[in-house]
Amino acid sequence: MFKISNIRNFSVIAHIDHGKSTLSNCLIKFCNSKNYLDNINIIDNIYLEQERGITIKAQSVNLTYDFLGVNYKLNLIDTPGHTDFSYEVIRALSACEGVLLLIDAIKGIEAQTINNFYIAKNMNLFIIVVINKIDLLEYKPTNLINQVKNILDKNLVITCCSAKKSTGINDLIRNIVEFIPPPSNYYDNKLQAIIIDAQFNKYFGIMLLIRVKSGFILKKNKIRLVNINNTYIVEKIWLVTPKIKECSELNCGEVGWIICNIKNLKQPIVGSIITSERDVNSTILPIRKINPQVFASLFLLNNSDYTIFSNALTRISLSDASLLYKPEFSNTFGNGFRCGFLGLLHMDIIKTRLEREYKLKLIITLPTVKYEILTNNNKIIYINKPHQLLTLNKIKELREPIAECFIITPKIYVSKIIKLCIKKRGIQVNIIYFNDQAKIIYLIPLTEVILDLSTIIKSISHGYASLDYNFKYFKKSKLSCVNIYINKKLIPELSIILHNNDIRCKTNLIINKLTKIIPKHQFNVIIQAVVNNKVIARTTIKRLCKKVTEKCYGGDVSRKKKLLNKQRDGKKKLQKLGKVNIPKQVFFSLLDVNQKN
């Protein structure tokens with residue numbers, strides 16, 4: 001058992017690809033060399049993390065360190081770097097008193113670095129800046145340290161290291177012990193713990209990762225989950241050291257996993273409070289929730305897997321509380337779910353996990369954002385499906401979400417990035433110069449940001465510029481909903497909201513894409529793009545035609561006419577009754593149309 005004064009809880013936060021996982025594994029090896037397993041990657045242990053080289057889930061590990069003859073317990077929580085997983089970062093920081101703000105020695109400060117800095121600062125956490133990869137020849141210490149002081153804060157504690165070579169790790173750990181404050185025992189030793197993560201285990205049910213804010217938890221104790229007002233008995237308590245270690249208690253300031261025999265739970269529990277059975281009052285604020293920015297519908301190719309699909313989403317949402325979903329029905333695709341994501345990468349990760357882990361074959365519709373509508377009765381309505389506009393009457397204003405974008409770039413790319421932002425309908429807020437770097441702030445429609453803005457910025461700056469963004473407000477804009485009709489039947493999943501300046505260009509591209517992807521049928525397939533009940537684009541996919549007169553050799557011409565008339569009548573009947581096969585590639589093609597314009 002450690003004294004509370006000898007406990008340090010901290011997270012590693014950084015922009016993507018700055019070496020968080022490498023540093024975390026280095027700290028684990030340095031502190032717990034006896035328990036370290038060379039063939040197991042404690043951080044980034046999900047297959048998608050290893051394949052893509054990114055961190056998706058915040059991972060925690062309990063370390064011990066001897067400093068001047070005193071044993072310290074270091075609870076490390078590694079966090080994702082991509083902006084789509086910012087909710088993971090906030091949950092991790094809620095369990096900490098300090099953070100290691102990691103900066104690549106060559107890339108320097110990037111957009112997500114600044115965003116993470118202000119998140120930690122607003123949560124009153126002690127920040128230690130760690131400059132990583134100092135073993136590289138291109139590293140210029142004076143320039144980077146000045147950049148940190150000018151852009152972030154001149155009073156920050158700065159440590160230099162190389163996680164790959166283990167250089168400077170000893171000094172870093174000493175700074176963690178010396179500067180990051182120990183936990184405080186709140187609320188007069190009453191049990192108060194916050195749930196920062198949850199996972200489903202087929203043997204134990206739902207496992208909860210908690211941080212004890214006050215009091216302690218013992219095995220066989222009865223606890224209460226405040227948000228659902230249910231009581232459970234603590235069956236097991238685990239620590240990751242980095243090996244799984246079972247223990248009998250968790251004390252104030254400690255982070256660990258508990259198993260309470262929770263089998264079925266569809267209500268959100270991440271961010272909830274745990275108290276003792278008798279204590280029904282809670283004074284800890286829940287973790288700040290981040291609302292989804294991107295919405296899309298998921299449907300099955302085989303509807304018989306719907307129960308598996310539903311259970312899969314429930315289990316994934318336990319460990320990813322930023323995922324929202326609700327049932328949906330489509331006349332075209334059947335039963336499915338409307339899901340909310342933090343971004344396109346988040347959407348892609350969830351879809352991939354569903355397909356690989358649960359063997360599902362899915363169709364995902366074109367991603368969209370949330371829109372705000374002001375009616376003539378001055379009521380505010382929010383929609384995230386474009387075709388929902390058809391059910392609304394007397395719309396006074398249609399407002400689109402605006403994102404505040406922060407772009408960090410070398411000066412030489414400023415003009416190109418400004419041109420790009422203007423093309424994306426952006427409004428300049430500010431440009432701040434720091435030596436050879438510039439911070440560009442623009443207000444840009446969120447739908448323009450999520451599709452491809454980051455990719456284009458990386459391309460035109462050769463990887464040296466970076467983007468971070470936050471939702472700012474809704475703004476009135478000249479938007480229209482383009483509805484796609486196939487053989488006079490509305491396909492709601494293909495509807496899209498576009499700015500009036502882009503409608504003609506993008507609609508023609510959409511129609512051309514559909515013409516190439518939808519296969520030929522035994523009847524003509526008519527594709528129409530309709531805006532405000534007016535057809536603005538139209539094309540026809542010609543039917544497959546069999547030469548029915550081929551078997552006629554000579555004879556009366558009326559015999560040929562009879563066969564042709566019979567074929568024509570059959571095609572007309574098919575035109576009314578036939579079902580058009582819409583390949584799932586259609587939605588990816590429409591996404592590609594948006595990205596290229």
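Author: Let us start with a definition: a salt bridge is a side-chain nitrogen of Lys or Arg within 4 Å of a carboxyl oxygen of Asp or Glu. Please bear in mind that this is a predicted model. Lys219 and Glu246 form such a bridge, with the closest N and O atoms 3.3 Å apart. Lys219 lies in the loop between β9 and β10, while Glu246 belongs to strand β13, 27 residues apart.

Reader: Are Lys219 and Glu246 buried, exposed or partly exposed?

Author: Buried means under 20% relative accessible area and exposed over 50%, with partly exposed in between. Lys219, at 31%, is therefore partly exposed, and Glu246, at 40%, is likewise partly exposed.

Reader: With which residue does Lys73 form a salt bridge?

Author: The partner of Lys73 is Glu254, and their closest N and O atoms are 2.8 Å apart. Lys73 sits in strand β3 and Glu254 in the loop between β14 and β15, so that 181 residues separate this pair, which links distant parts of the chain. Lys73 counts as buried because its relative accessibility is 6%; Glu254 is buried too, with a relative accessible area of 6%. A further bridge joins Lys133 to Asp104, with the closest N and O atoms 2.7 Å apart. Lys133 lies in the loop between β5 and α5 and Asp104 in strand β4, so this bridge ties together parts that are 29 residues apart in sequence. Here Lys133 is partly exposed at 24%, whereas Asp104 is buried at 2%.

Reader: How many salt bridges does the structure hold, and which residues are linked in a network?

Author: The structure holds 18 salt bridges. Glu400, Lys424, Arg425, Glu448 and Asp452 are linked in a network of them.

Reader: How should I read a strand, and how many residues of β8 are buried?

Author: In a regular strand the side chains alternate between the two faces of the sheet. In strand β8 (residues 205–214), 10 of the 10 residues are buried, so the strand is largely enclosed by the rest of the structure. Strand β7 pairs with β8 in the antiparallel sense over nine bridges, and a hairpin of three residues joins the two. β8 also pairs with β15, again antiparallel, over six bridges.

Reader: Which residues touch the most other members of the largest nonpolar core?

Author: A nonpolar core is a set of buried nonpolar residues joined through side-chain atoms. The largest contains 55 residues, and those touching the most other members are Leu152, Leu208, Ile210, Leu225, Ile258 and Ile274. Helix α4 gives the most to this core, with five residues. Another core, of 51 residues, lies apart from it and includes Leu300, Leu344, Leu420 and Ile450.

Reader: Which residues of helix α9 are buried, and where do they lie around the helix axis?

Author: The buried residues of α9 (residues 414–423) are Val414, Ile417, Ile418, Leu420 and Cys421. Seen down the axis, they fall within an arc of 160 degrees, so they line one face of the helix. Lys419, Ile422 and Lys423 are exposed on the other side. The cover over the buried residues includes β23, β24, β25 and α10. After α9 comes Arg425, whose phi is positive, near 65 degrees.

Definitions and conventions: Residues numbered from 1 in each chain as written. Predicted model: local features only at pLDDT ≥ 70, side-chain atom pairs only at ≥ 80, totals over all residues. Heavy atoms only, no water. Core = buried A, V, L, I, M, F, W, Y, C linked by side-chain atoms within 4.5 Å. Buried < 20%, exposed > 50% of the residue type's maximum accessible area, 1.4 Å probe, protein only. Helix = DSSP H or I, 4+ residues; strand = E, 2+ residues; numbered from the N terminus. Pairing = 2+ DSSP bridges. Arc of directions from axis to C-beta. Contact = heavy atoms within 4.5 Å.
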